[in-house]
Amino acid sequence: SQVRFGAIGDNAIIKSGGTTALSLDTSQNAVFTASVKATQIEIESGVPSILFDETDVTANWRNRVQSGGYRIQYASDGTTFVDYLTLGASANTIEKETTFKGDVVVDGASITIDTDTAGSSLTWKESDSSTTAGQLRGYANRGDIYLYASGVKKTEISASTDSFIPALHIG
């Protein structure tokens, strides 16, 4: 149970019970030809999905309902859907390196970084966007904080080894 939309200029048809329910003509005009609800299109199956082919037909975008969540997936080769965004009933997941433009706001909640690799970190950059300014690093038995100046580590606060703060002024 999948709906496939081809390149601009192709026709697309959604059928329900063998009867055409929605068709897109070559000008991409939607035409409802069966009894449908005024506010929604329903696609019912075990794993309902809508597949969008890119014009070069080597990559695809797929929207689907899976495991209680709504998933948007991308396949650069057209068939292997490994990168995705899932909006779930209890949690949301992004399975891909993600770049945000603008502010990321967390209102009334916490941010948890669950790292699988020792030394992985939350890194922030200097305002020139190319040089590391600081890191919060996680290890199996501790966490460390690193602060940099012009890309050189100047401060290290560690829970298990010697720490150094060379420009410390108190008072």
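Entry 1: Strands here are DSSP runs of E with at least two residues, helices are runs of H or I with at least four, and both are numbered from the N terminus; two strands count as paired if DSSP finds at least two bridges between them. Within this pair, I found D144 standing opposite S158 in β13.

Before going on I noted the ground rules: this is a predicted model, in which local features need pLDDT of at least 70 and side-chain atom pairs count only at pLDDT 80 or more, while totals for chains, interfaces and linings use all residues. Residues are numbered from 1 along each chain as its sequence is written, and side-chain values use heavy atoms, with hydrogens and water left out.

**Entry 2: the turn.** The hairpin of β12 and β13 has 2 residues between the strands, and I looked up S150 and G151 in that loop. S150 has a positive phi of about 55 degrees although it is not a glycine. I marked this down because most residues other than glycine have a negative phi. S150 counts as exposed, at 65% relative accessibility, whereas G151 is partly exposed, at 40%; the classes are buried under 20% relative accessible area, exposed over 50% and partly exposed in between, with a 1.4 Å probe and protein chains only.

I then asked which residues G151 is in contact with, leaving aside its neighbours within four places in sequence. They are E126, T131 and T132, where contact means heavy atoms within 4.5 Å. For the pair G151 and E126, 25 residues apart along the chain, I read a C-alpha separation of 8.7 Å.

**Entry 3: salt bridges.** How many salt bridges does the structure hold? I found 2, the criterion being a side-chain nitrogen of Lys or Arg within 4 Å of a carboxyl oxygen of Asp or Glu. One joins the side chains of D144 and R142 at 3.2 Å, N to O; D144 is buried, with a relative accessible area of 2%, while R142 counts as partly exposed at 23%. The other joins E156 and K153 at 2.8 Å, N to O, and here E156 counts as buried at 10% relative accessibility, whereas K153 is partly exposed at 31%.

Entry 4: L87 stands opposite N92 in β9, and the hairpin joins β8 to β9 through 4 residues.

In the loop between β9 and β10 I picked out T115, which is partly exposed, with a relative accessible area of 30%. Not counting residues up to four places away in sequence, T115 touches S120 and G138. The C-alpha atoms of T115 and A140, 25 residues apart along the chain, are separated by 9.4 Å.

**Entry 5: the largest pocket.** I looked up the volume of the largest pocket and found about 820 Å³. Of its 19 lining residues, the closest to the centre are T98, F100, I113, S121 and L122. A pocket is found on a 1 Å grid over the protein atoms alone, as an open set of points where a 1.4 Å probe fits, with protein on both sides within 12 Å along at least five of seven lines, and lining residues have an atom within 4 Å of a point. The points are joined across faces, edges and corners, and the volume is the space filled by probe spheres set on them.

β9 (92–95) and β10 (121–125) each supply at least two residues of the lining. By class, I noted 6 nonpolar, 9 polar and 4 charged residues, with Ala, Val, Leu, Ile, Met, Phe, Trp, Tyr, Cys and Pro taken as nonpolar, Asp, Glu, Lys and Arg as charged, and the others, Gly among them, as polar.

**Entry 6: the whole protein.** Last, I looked at the overall make-up, which comes to 0 helices and 13 strands. Of the 171 residues in the protein, 21% are buried. Among contacts with a separation of 6 or more, 9% are between residues 24 or more positions apart.
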